Amino acid sequence: MVDIRYEIKYLSIHYQPNMPEIKIKVNGKSHLVNVDLETPLLWVLRDNLELTGTKYGCGIAQCGACTVHIDGQAVRSCVLPVSSVQFSEIVTIEGLSENCSHPVQLAWDALDVPQCGYCQSGQIMTAAALMKNNPKASEDDITNTMQGNICRCGTYHRIKEAIDLAFKMSK
Amino acid sequence: MKTQRRDFLKKTILGVGGLWIGFSEKTFGNFNGLNNTEGVLENNFLHISPENIITIWSPNPEIGQGIKTAFAVIVAEELDVDWEKVNVKQADLDTKKFERQLTGGSGAIKHSWERLRKAGASARYLLLEAASKKLNVPTSELKTIKGYVKHSSGKEFSYGELATLASEIKLPSNIPLKDKKDFKLIGSTIKSVDNNDVLTGKAIYGIDFKMPGMVYARLLRPKGFGQKLKTFDASEALKVSGVKEVFALGDKVAIIADSNFPLIKAAPLIKIEWSSPKELESDDAHNRIFTEIMQNGPFEVRRKDGDPEKAFKEASKVVEAEFQCPFLPHNPMEPMNFFADVSQNKARLVGPTQVPQAAQTQVSKLLNIPAENISVELTKMGGGFGRRLNNDYCLEAAELSAKINKPVKLLWTREDDMSGGIYRPAVRYKFRAALDKKGNITAYSLKGVGMNAGNATRQDNFPVGAVENVIVESADYKSDITTGPWRAPITNFLAYAEQAFLDEVAEAAGKDPIQMRLELLQKATNQPVGKITYEPKRFEEVIKTVAQRASWNRGKKGVFQGFSVYFSHNSYVAQIAEIEKVRKKAVLKKVYAVTDCGIVINQSGARNQVFGAIVDGMGHAMFGNLNFVNGEPMQKNYDTFRLIKYNEVPEIDAHFIDNGIDPTGLGEPALPPTGGALANAYYKATGKRLYKQPFVLEDQNFEEII
């Protein structure tokens with residue numbers, strides 16, 4: 001009697017479509033990648049471009065860990081098919097500044113915000129986009145924007161202080 | 001093992017005509033004076049190069065609790081170096097150099113406090129002796145300042161310049177440590193050593209680690225706990241670009257691919273049939289089981305003092321309440337994942353685990369490979385919360401790698417993670433208290449029924465020890481739903497139940513809840529009942545301090561306060577939560593927390609832990625829930641499982657008692673009292689007692705206070 005659990009094995013001898021080539025621009029550089037066009041940008045960044053600063057937290061745009069800038073707007077890259085960004089300027093946490101010098105990064109460091117740090121790329125990218133696009137953001141604006149980024153370690157108080165500090169610093 | 005190595009070293013050194021440097025096994029490790037051609041001074045925790053570059057190794061796994069920084073601070077303090085110039089590195093698993101290289105129980109600082117101090121102090125001692133020799137002056141004329149030894153004459157040497165000479169000096173068995181009042185780093189505000197890497201996306205977490213030639217893997221586990229794999233059809237899945245193979249691994253279906261996305265795309269295309277060899281679990285079944293066992297047992301008596309049955313019979317008043325909590329996933333932001341490269345008789349393991357030595361031992365056992373041939377490299381971790389005390393995902397990666405003969409990177413998606421078990425157990429508690437005519441508690445009874453909770457009680461916890469007649473009993477139901485330690489295991493819910501119950505007892509007794517605690521603590525001090533596992537004085541201190549800070553009972557207008565206090569993981573935390581009525585609407589405004597964890601190593605890290613634990617405890621008490629239907633958890637991602645958000649946290653006032661006691665732990669202690677303080681404030685504001693978590697399901701109006 002064959003033990004079905006150990007004997008059934010499928011190999012990918014089936015036909016798999018050739019991966020198309022697509023060009024995307026990330027942090028000012030152009031990259032040519034061979035990927036399934038459905039692949040969310042998050043995975044192209046992480047697996048094809050070795051840019052692992054953008055994180056996977058949920059895959060359904062509920063936690064914000066995957067936030068990048070697409071033409072200056074904060075976007076959740078986990079639900080963004082790579083095909084939709086081939087003409088966009090993509091900026092990830094790695095490209096946010098030279099030497100960790102963005103006001104948001106400086107404020108985050110000054111107030112020692114991160115605990116485990118895993119959500120912080122997303123937090124920083126979301127805050128940075130807000131600062132750029134709404135430099136006169138009210139407290140409500142900030143709250144409405146940041147509440148989409150989850151921090152499991154609970155550093156919310158410091159995130160709030162750091163954003164206030166970053167806004168002050170950039171005036 | 002240590003003795004063998006020492007003898008080996010002895011032979012080697014004497015063989016090459018060097019000097020033997022003894023070391024005391026009672027300290028921390030040894031200095032590598034032998035064959036010191038590089039001119040360094042080093043031990044297990046630090047390395048000083050001839051160019052005066054100081055490196056400190058931090059051995060314990062870092063999950064966001066700040067231990068990587070805190071450990072290095074302790075070494076640097078005793079060593080007297082310029083903190084700004086220190087390089088702190090994460091050490092990999094090394095069972096010869098380090099003890100207890102794990103993260104759990106809030107125990108790291110307490111365990112390593114003395115050895116870290118000695119590691120730094122020993123090096124400083126040798127450097128002073130070396131300078132003393134070089135200058136031919138007594139060490140009393142020398143000072144160490146930020147990596148330099150300075151003499152009153154003005155002459156100075158860098159540590160690097162003295163390293164070679166220092167490494168040749170014999171270390172005495174007794175090394176003097178700094179006086180606590182001379183601490184410069186310890187107790188100050190220090191930023192995490194990983195900030196730059198984290199803020200620029202350079203930090204490598206387990207999930208980020210990769211190696212050329214590795215394959216990506218995912219395992220599909222039974223939908224419902226208790227189910228087994230029957231059949232599967234992967235023909236459609238195999239057409240997905242990047243998928244290499246699909247096969248069964250025990251009761252799981254493995255997908256192997258060349259990157260992560262195919263693992264996600266292909267999974268729903270695999271038609272899997274799961275069998276149910278027995279009745280699958282559900283919320284209704286759980287409730288029936290809790291009720292049945294609570295009524296009929298069998299219970300194991302965990303503690304008995306006096307004659308509780310008699311005391312309850314003679315009571316003037318009996319207060320009784322039941323509390324219940326659901327199973328909870330840990331949900332660290334970085335889901336489970338691991339890298340394993342298993343070849344003929346060795347394995348390389350890289351990834352996020354709170355227990356790397358256990359990983360080594362367990363993989364050794366699973367694959368029959370000698371432990372010394374298995375290396376474990378510790379990556380940064382996106383949270384742990386106790387989930388990563390269980391190496392199931394590490395073993396899966398190792399098993400896959402061994403099976404397909406390739407390096408494997410295993411990913412658990414968020415859905416895999418949230419539905420994959422190893423949960424905080426579901427528990428039901430029944431409390432009873434007997435009061436005499438004066439409102440004194442004459443008897444206290446607790447029955448805890450857990451599902452895979454082990455001992456669901458903590459039988460020695462206050463107020464036990466302060467009550468004449470006590471009975472604490474536990475019963476455990478063996479569920480198919482797997483469980484594991486979750487931040488402040490058992491007390492993460494027990495404390496809330498206990499503190500909410502005591503609030504109810506205080507009301508029935510006509511006493512102020514804080515006054516009642518202080519009376520009980522007086523009794524525990526003057527006439528303790530049986531074993532006492534806590535220090536009443538330290539309890540009193542945090543209670544009185546939080547009462548003073550929050551102006552308890554001083555009639556703050558429109559403010560409703562709830563009190564709670566707990567001792568866990570060797571630290572004491574008292575909390576007062578405040579709900580304010582703002583234009584007839586009750587709003588959760590503030591939480592005061594006073595902590596006694598002994599000496600605070602890093603003010604910033606410590607505050608992060610208190611704030612974080614309160615947010616964690618609060619969020620899960622209010623929102624955390626898993627429902628089970630046919631053994632399957634209904635919440636699998638953040639669209640249905642609610643984690644507390646940025647806009648849902650109250651103000652927090654955190655204060656530390658400054659008592660100079662040797663440091664204890666802080667990863668967990670601030671969490672347990674949180675739910676109780678919140679529930680007690682809610683009662684004051686609304687008149688409604690909360691008996692179940694999550695609070696938003698227990699009371700439909702609860703949502704409004706957030």
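A residue counts as buried when its relative accessible area is under 20%. The exercises below apply to a predicted model.

**Exercise 1.** Classify the ring pair F567(B) and Y572(B), and state whether its members are buried or exposed.

Solution.
1. The ring centres of F567(B) and Y572(B) are 4.2 Å apart, and the planes make an angle of 25°.
2. Planes under 30 degrees apart count as stacked, so F567(B) and Y572(B) form a stacked pair.
3. F567(B) is buried, as is Y572(B).

**Exercise 2.** Classify the ring pair F225(B) and Y423(B), and explain which parts of chain B the pair ties together.

Solution.
1. From centre to centre the distance is 5.9 Å, with 70° between the planes of F225(B) and Y423(B).
2. An angle over 60 degrees counts as edge-to-face, and F225(B) with Y423(B) is such a pair.
3. Both residues, F225(B) and Y423(B), are buried.
4. F225(B) sits in the loop between β8 (215–220) and β9 of chain B, while Y423(B) sits in the loop between α11 and β19 (427–435) of chain B; the pair therefore ties together parts 198 residues apart in sequence.

**Exercise 3.** Find how many aromatic pairs the whole structure holds, and name members of a cluster linked by ring pairs.

Solution.
1. Over all chains, the search finds 30 aromatic pairs.
2. Ring pairs link a cluster in chain B that includes F323(B), Y429(B), F431(B), Y444(B) and F493(B).
3. Also among its members are Y496(B), F501(B), Y682(B), Y691(B), F695(B) and F702(B).

**Exercise 4.** Describe the extent of the interface between chain B and chain A.

Solution.
1. Count residues: 82 of chain B are in contact with 62 of chain A.
2. Take the area: the two chains bury about 6,000 Å² between them, and 56% of it is on carbon and sulfur atoms.
3. On the chain B side, L199(B), M333(B) and Y646(B) lose the most area to chain A, together 16% of what that side buries.

**Exercise 5.** List the polar links across the interface of chain B and chain A, then describe the side of chain B that touches chain A.

Solution.
1. Seven salt bridges are found across the interface of chain B and chain A.
2. K55(A) forms a salt bridge with D208(B), with the closest N and O atoms 2.6 Å apart; the cut-off is 4 Å.
3. Polar contacts across this interface join 30 residue pairs, both residues being at pLDDT 80 or more.
4. Elements of chain B giving two or more residues to this side include α5 (195–199), β10 (243–249) and α15 (603–622).
5. α15(B) gives the most, with nine residues.
6. By residue class, the side of chain B that touches chain A has 38 nonpolar, 24 polar and 20 charged residues.

Key:
Residues are numbered from 1 along each chain as its sequence is written. Chains are lettered from A and ligands numbered from 1 in the order in which they are written. This is a predicted model: local features need pLDDT of at least 70, side-chain atom pairs count only at pLDDT 80 or more; totals for chains, interfaces and linings use all residues. Side-chain values use heavy atoms; hydrogens and water are left out. Contact means heavy atoms within 4.5 Å. Buried area is the accessible area (1.4 Å probe) that two parts lose on being put together, summed over both. A salt bridge is a side-chain nitrogen of Lys or Arg within 4 Å of a carboxyl oxygen of Asp or Glu. A polar contact is a pair of N or O atoms within 3.5 Å; within protein, one must be able to donate a hydrogen and the other to accept it, and residues adjacent in sequence count only if both atoms are side-chain atoms. Helices (H or I, at least four residues) and strands (E, at least two) are DSSP runs, numbered from the N terminus. Ala, Val, Leu, Ile, Met, Phe, Trp, Tyr, Cys and Pro count as nonpolar, Asp, Glu, Lys and Arg as charged, and the others, Gly among them, as polar. Rings of Phe, Tyr and Trp (its six-membered ring) pair if their centres lie within 6.5 Å; planes under 30 degrees apart count as stacked, over 60 as edge-to-face and the rest as tilted. Buried means under 20% relative accessible area, exposed over 50%, partly exposed in between (1.4 Å probe, protein chains only).
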